[in-house]
Amino acid sequence: MRYRLSIKILFWFSLFIIAIVVVNLASIYQLQRMEKPLKEELTQDIQNIKENEILDHLAELIRYYDEVLTQSVRNYAFTGNLEWKKRYQNIEPKLDQAIKEAISRGNRQDKKFFKTVDQANEILVNLEHQALDLVDQGNQDQAIAILESKKYRANKNQYYSGFSSYLQRRMSEHEKAITFSSKDLEETISILNEITKQNYYFFIASLAFILLVSFLFGLFLRFNVSQPLTRLVKLIKASGKKGGRKDLVNNNFGLMKRKDEIGELATTYNQIWQDLEETTVSREKLVKEVELHKESKQKISRLNMILRSISEINQMLINVDNRKSLIEKTCRELINIRGYKSAWIVLFDPQGDFLDAASFGLGDKFNLFKNDIKVGSIPRCLSKICKEKKLFQVDEPHQMCKDCSLYKYHQGVKTIVTCLQLEGVVYGALTVAIPESIEIDQQELSLLKEISGDISLGLHHLEVEKKRRLTENKLKERVKEFGCLSNLAKIVEEPGISLEGILAKTVEIIPFALQYPSSASARLRYAENEYNTKGFKETNCKLKEDIYVDLKKVGFIEACYSLSIQDEKGECPFLEEENTLFRLIAERLGRIIERKKAEEFLEEAKNKFSSLVDNVPGAIYRCANDSKWTMNYISDEIEKISGYPASDFIKNKVRTYESIIYKEDKDLVNKKIQEAIEKGKSYNIEYRIVNKNDKVVWVGEKGKGVFNKEEKLIWLDGVIFDITLQKKAEDKLEKAIKMKSDFLSTVSHELRTPLAAIKEGINIVYDQSAGKINKEQKEFLTISKRNVDRLARLINDVLDIQKLESGKAEFNFKKENINDIIKEVFETMQPHAAKKQLQLKLNLDSNISKIKVDRDKIIQVITNLMSNAIKFTEQGKVVIKSLLEQNAIKVIVSDTGPGIKKEDLSKLFKTFQQLQTGKGRKTGGTGLGLAICKDIINKHRGKIWAESELDKGSKFIFLLPIKERRA
């Protein structure tokens, strides 16, 4: 019996049991009192701390994103570099998301604050977008003015002051929450200690009372009550020690397994200790939450420091104007602001050789390291970063850095190396030594990556600026040379100037293009004529260049310095640029002489053939192959075409021919003509010009390049026709074709719906679903059904041919085996052949491999050819076979039908064509089937044709290419 002991000693221990019950109830009551603050008040306090921590993090994140946006738009305004604009566009949505999340999480006061922040942010973003647009338009000064305006600064100040007040209020609330939570925790601990103390006294009293009863009732009570209780007390005393409660649960005496009051007592005590332990765990959780809050504050402080580092370095990059200053200031800023132990930067040129270096925090120790690099002793860390081009931490310095002269100075620190690169170009490496006190996490690594990217961008900017200055200096040095060539061009363009006049004026401008014009003189000889500057005197200090026309020497130009201009070694001070200038002048004079000869030739030709030219229905021309199509000659017919007289175009006197070509057609004209010249062929092009009345005129031009014996292009000869009427006729034709296509498409689609209804209605009556019909009615319905099916096929064929002709038909090319497709159609057509008692034979080449085709379209072609063969064959057989030929697969459908007349073969594969058979019998059809087959095979870049003789049957053959077919 479960409670036998209780029954035996009920009378003697009734008071004792009542006392125990009362104490236990009191203990339970005390535990419940303690449970409420633990589960409700403390849990709520912890939740409040968590919510406050999230809002604080969002607030700091909003400040960080706002600062990044401000720096990015300012840097973009000052530098114009698109990388800053990309960073701005990347961060802006993140800021908006953070503000929205803060609004959704905060209480009423927090929501009000973050909505104010959102409004201020919207104003700032609008101003910043205006600045970005102005920079894109090239108005950097206006963009900077917006970013420095009172409105912008006022919103920024409001932004920052609002955050300061918010953070102060949040810190005050945090302290209150922590204070209240700590107070609740202390009260709970006090209650817990009081309950523990009361339970302890209770168990001591119970033990004394049980011992007294055991002594009075002898051995029976001793073995059944006193001894178990004694063991229980010992375990209870031990339960306060480490591992004590484990002994209570797993003891050898089995107290908790007893089915009496002692067992219940042990179980109850165990439950009490469990409740106490849970209370202790809750206290520990609260302590951890407080510690997490402190860590969060530290992270926020660290984030602000990282933001400051980025901001300071960005400001520094804007202000520095040389490479040395940039890397030195960067190292110093990383030490002073971020707190690194040391930092150094090494730069390399594009060939990988040492270029420059700087450090901070190492002093003179860095000079030895720099000298090692100069002599080619590259540290392992630099070799690795140049190869891998990504950031890494030196985890095993005793292996990687043991040969480095800085190894002993990096003891006890963490070293990170990052590559300085931009768009695949490596500029060098940045290395920092980080003390153990600074934790290396993702934020720290992101900081170094961003700083290395900013430094690379700064180096790239300085390099571009340096190249620009060098280019400017070089251009300044060559202004005189360019001026000489420009003056020569102006001389040539003077109206009516002769060749002699050009040569005489050219020799006068040559000395002014030299380094010492006052000591220079020049002469020019052409054929038997010589042109000199005033006071020309030939000396040994001279610069000479020969003039060639058609690879034949026709003269020379020469410049001489007085002997007094020679240096101590007797060398002449002619520059390399002056040698180049003389070559250019000689080349241009050769072309000028050549052109003048051509003009004379054209003038003679014009007088000789003017009557012939006037009778040609188009404008004949001879022009140069230059950007303006300079006309050496053009006939008067051009005035009828363009409205401008021919004299306007000769030598570009009033206008160039290029100026009247329609703007969108200029590239086409130039491309076609240049391609024809390169291939030595004639050109035939159509384009538009704008006539004198600003109307667009279509012209056709035919011409060819004229080459000399040395295959050098001299000029272009050709003729220009007015084809405006022809173009209008072509446009009308295209519109008519489109109208036909649209009409067929519309009519076909409109007929499908009523036709489907008619077909369904006939089928219902024919199947007698709507009532019984007689034999005569069924015959009429059979005729109607056959004609409706024929009309449906006609509509489908019209739609197919319309799609193919308009290019709207879709093709799905996949690798297929043609033999498999033929077999599928063969099996489908067998019943049709059997009805006419025809033999249907199959002959396939097993060597055929897969090729890319549209399976459904090829099935349509083969089905059409076999259907026609069965339709027109009354007796005999129909054979379909496949053959593998060189680079193609051939499919042949042959029959023993009546054949086709020779004069009708040319009508095959045309739309709406139906041929009469040899015996004059007509067979119903749309006349579109073969036309559709031809278009499908053409889309496969193949070929289809027919072979036939009257009364000897027909063969329809198509080829599909295996290679070099574009799907």
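**Chat on a loop, helix pairs and salt bridges**

Trainee: Where is the place of Leu563?

Mentor: Leu563 lies in the loop between β9 (552-561) and α16 (576-614), where helices (H or I, at least four residues) and strands (E, at least two) are DSSP runs numbered from the N terminus. This is a predicted model, in which local features need pLDDT of at least 70 and side-chain atom pairs count only at pLDDT 80 or more, while totals for chains, interfaces and linings use all residues. Residues are numbered from 1 along each chain as its sequence is written, and side-chain values use heavy atoms, with hydrogens and water left out.

Trainee: And what does Leu563 count as, at its relative accessibility?

Mentor: Leu563 has 49% relative accessibility and counts as partly exposed; buried means under 20% relative accessible area, exposed over 50%, and partly exposed in between, with a 1.4 Å probe and protein chains only.

Trainee: Which residues is Leu563 in contact with, leaving aside its neighbours within four places in sequence?

Mentor: Those contacts are Thr539, Asn540 and Cys541, contact meaning heavy atoms within 4.5 Å. Ser519, which is 44 residues from Leu563 in sequence, has its C-alpha 9.0 Å from that of Leu563.

Trainee: Switching to helices, which residues are buried in α5?

Mentor: In α5, residues 140-147, the buried ones are Ala143, Ile144, Ile146 and Leu147. Seen down the axis of α5, these buried residues fall within an arc of 155°, so they line one face of the helix; the arc is that of the directions from the helix axis to the C-beta atoms.

Trainee: At what angle do α4 and α5 pack?

Mentor: Helix α4 (residues 108-136) packs on α5 at about 165°, with the axes 7 Å apart. Axes are lines fitted to C-alpha atoms, for helices over the stretch in contact, and angles run from 0 to 180 degrees between N-to-C directions. The two helices are therefore roughly antiparallel, given that angles under 35 degrees count as roughly parallel, over 145 as roughly antiparallel, 65 to 115 as roughly perpendicular and the rest as oblique. The α4 side of the contact is made by Leu127, Glu128, Gln130, Ala131, Leu134 and Val135, and the α5 side by Gln140, Gln142, Ala143, Ile146 and Leu147.

Trainee: What about the axes of α23 and α25?

Mentor: The axes of α23 and α25 (residues 929-939) come within 10 Å and cross at roughly 145°. Residues making this contact include Val861 and Leu865 of α23, and Ile932 and Ile936 of α25.

Trainee: Now charges: how many salt bridges does a search of the whole structure find?

Mentor: The search finds 23, a salt bridge being a side-chain nitrogen of Lys or Arg within 4 Å of a carboxyl oxygen of Asp or Glu. One of them joins Glu824 and Arg855 at 2.7 Å, N to O. That pair links distant parts of the chain, with Glu824 in α22 (residues 818-835) and Arg855 in α23 (residues 855-872), 31 residues apart.

Trainee: How far apart are Lys324 and Glu328 in α9?

Mentor: They are 4 residues apart in α9 (residues 323-338), which means a separation of about one helical turn, and their side chains meet in a salt bridge at 4.0 Å, N to O. Lys324 is partly exposed at 29% relative accessibility, and Glu328 is partly exposed at 34%.

Trainee: Which residues are linked in a network of salt bridges?

Mentor: The network links Arg523, Arg525, Glu530, Glu538, Lys542 and Glu558.
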